[in-house]
Amino acid sequence: MAIVIKSQREIELMREAGRILALTHEELRKAVKPGISTYEIDKIGEEVIRSYGCIPSFLNYNGYPASVCVSVNEEVVHGIPSKKRILQDGDIVSLDCGVIYKGYHSDSARTYGVGEISEKASDLIKVTKESFFEALKVCKAGNHINDISKAVFDYITARGYSAVRDLVGHGVGANLHEAPEVPNFTRLKKGPKLKPGMTLAIEPMINIGTYEVLWLDDDWTVVTADGELSAHYENTVLITEGEPEILSRAQGIEL
């Protein structure tokens, strides 16, 4: 699959998709508290997305049954919302969702603590987010995909964490998943060269223990093989002639 270089018009559409996605995440952040079900979180996300005239990227994507992936504690990604899954004080929860605006996607994820969480959980969330911003430093034309991968990998391994290897970031645009793959671990090959107009979903998925994961019987939910905590942080990033631009953001809302 060829890497799609976006036109200025396409970038503008993705920028608006990203703004709406950031506003959606802000509402989701406010909703995260002990006692709420993961089903309720999903419904809030879908309602906000549709209130802007947009379509949830994930709903019915390859059969996925919800608009927001809600993954709790040892769940890495793709947790299916349920009325029976109630967030508890001390949990951590990763919220991954996407927006389609006039045919173009934005994709981002955040991990939050529920109520009072342990120092161990807090540190994991912090380092996962920081590893994204380490990667952002090398998102410059002329560098390669593996520079992004190495930035994440070196940062998290130096702090004793592991990067999931069975799942990777990706290009994004008119399709939710486009070339190239963007791993969070280093490979021997440099990978494709970064060029202005490339749009990438960079998404560190970081575990406290082993990098190995398992799929549950629902064929969606990915969990750590050792049952340890996992965190996820993601933004849609535009490669430019100069500094990279995070497209999945909105004025006044913290990343």
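Hi everyone, let me start with a crossing: H3 and H4 cross in a right-handed way, and right-handed here is when the near helix is turned clockwise from the far one by less than a right angle, left-handed when anticlockwise. Before I go on, this is a predicted model, where local features need pLDDT of at least 70, side-chain atom pairs count only at pLDDT 80 or more, and totals for chains, interfaces and linings use all residues. Residues are numbered from 1 along each chain as its sequence is written, and side-chain values use heavy atoms, without hydrogens and water.

Back to the helices. The axes of H3 and H4 (residues 145-157) come within 8 Å and cross at roughly 145°; axes are lines fitted to C-alpha atoms, for helices over the stretch in contact, with angles from 0 to 180 degrees between N-to-C directions. Helices (H or I, at least four residues) and strands (E, at least two) are DSSP runs, numbered from the N terminus. On the H3 side, Val127, Glu130, Ser131, Glu134 and Ala135 meet Ile148, Ala151, Val152, Tyr155 and Ile156 of H4, contact being heavy atoms within 4.5 Å.

Now the other pair. H1 and H2 (residues 38-51) pack at about 150°, with axes 9 Å apart. That makes H1 roughly antiparallel to H2, a label for angles over 145 degrees, with under 35 roughly parallel, 65 to 115 roughly perpendicular and the rest oblique. Their crossing is right-handed. Thr24, Glu27, Leu28 and Ala31 of H1 meet Ile41, Ile44, Gly45, Val48 and Ile49 of H2.

A pocket is an open set of points on a 1 Å grid over the protein atoms alone, where a 1.4 Å probe fits, with protein on both sides within 12 Å along at least five of seven lines; lining residues have an atom within 4 Å of a point.

Of its 25 lining residues, His78, Leu167, Val168, His170 and His177 are closest to the centre. Which strand gives the most to this lining? E8, with 4 residues.

The second largest pocket comes to about 370 Å³. Among its 20 lining residues, Arg29, Arg110, Tyr112, Lys129 and Leu255 lie nearest the centre. H1, E5, H3 and E13 each supply at least two of the lining residues.

Thanks, everyone!

Key:
Points joined across faces, edges and corners; volume = space filled by probe spheres on them.
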